[in-house]
Amino acid sequence: MKDLLRLSNLSTDEIIHILDVAKECKDGKHRDECTDKVVANCFFEPSTRTQYSFNTAELRLGCRVISFNAGVSSMQKGETFYDTMKTFESFGTDALVIRSKENEYYKQLANFRCPILNAGDGTKDHPTQSLLDLMTIREEFGHFEGLKIAMVGDVKYSRVVHTNIEVMKRLGMECYVSGPKEYREPGFDFIDFDEAVRTMDIIMLLRVQNERHEQKMSLSNEDYHKYYGMTMDRVAQMKDTAIIMHPAPFNRGVEICDDAVECDKSRIFTQITNGVNVRMAALLRAWED
Ligand code: CP
């Protein structure tokens, strides 16, 4: 059994193997290979893509799925997160897919007998999001070495950036961040946004994560869009081969204008499609010896 907690725990060979299996899943392999497995999806934070693409992945593998709803559980009577997860382990559930607001929540569950797949923890990690980003980049360019990516926007509160930079650098990519001063984080290479638009292979826009902020953003949405948003003028300045990515959900008219969401350079919905396939691969890996 294999947990998937953070990509920094995995070797590059293991990461490439997951991407290879995800490609097989996209090509139609591995359907109904896990009809004996029961998976519980336990989301303690709102989610559309991660929650329901895990659900889709599980159904494609033939698993039976429990969608835990904390709002109608005994957590409403004060039961703790640990005791709730321990209850699912005691049911004999074959895997737990968990998203939590708490960084490294999984450390509490270290002795569990079933694999844990991290569907996002606090501001720390989002391993399956990074895997689907990598799958999308590999499909587009065929390699990672030497590609330049800028992640733009709310860097400080983004678990996607934290997971992506570590793994993308290991795979030989040049990684930069850009965006408003209030969301910068020391230790990352900064690039001016308009320079990034002209020079990068990949512009990855990040959602302004209002729900995680202690203070309201100092910029208005209009000013954010003017200085850091993907407008059609900026799309026109990108390299011919360059692409736009966004983990989504996106704030239309803030990080990205309506027309850019599905423009020729956008791979946003390809990322979402690939999310199902990397999650199938992550589940198959969970039950490997
Ligand atoms: N990208 C992502 O994690 O989206 P959800 O919050 O909708 O799962």
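So, how many nonpolar, polar and charged residues does the shell around the ligand have? By class, three are nonpolar, five polar and two charged. In that count, Ala, Val, Leu, Ile, Met, Phe, Trp, Tyr, Cys and Pro are nonpolar, Asp, Glu, Lys and Arg are charged, and the others, Gly among them, are polar.

Quick housekeeping. This is a predicted model, where local features need pLDDT of at least 70 and side-chain atom pairs count only at pLDDT 80 or more, while totals for chains, interfaces and linings use all residues. Residues are numbered from 1 along each chain as its sequence is written, and side-chain values use heavy atoms, with hydrogens and water left out.

Okay, the ligand. Around it you'll find Ser47, Thr48, Arg49, Thr50, Arg99, His126, Gln129, Pro247, Ala248 and Pro249, going by a heavy atom within 4 Å.

Now the polar contacts, meaning pairs of N or O atoms within 3.5 Å. The Thr50 side chain puts an N or O atom 2.7 Å from a ligand oxygen. For Arg99, a polar side-chain atom is 2.9 Å from an oxygen of the ligand, and His126 has a side-chain N or O atom 2.9 Å from a ligand oxygen. On its own the ligand has 250 Å² of accessible area, and the protein covers 90% of that (Shrake-Rupley method, 1.4 Å probe).

Last bit: domains. The assignment, automatic or from a database, gives domain 1 (7-125 + 273-286) and domain 2 (127-268). Each of the two supplies at least three residues to the ligand shell. Their C-alpha centres are 26 Å apart, and 32 residues of domain 1 touch 25 residues of domain 2, with contact meaning heavy atoms within 4.5 Å.

Conventions:
A polar contact is a pair of N or O atoms within 3.5 Å; within protein, one must be able to donate a hydrogen and the other to accept it, and residues adjacent in sequence count only if both atoms are side-chain atoms.
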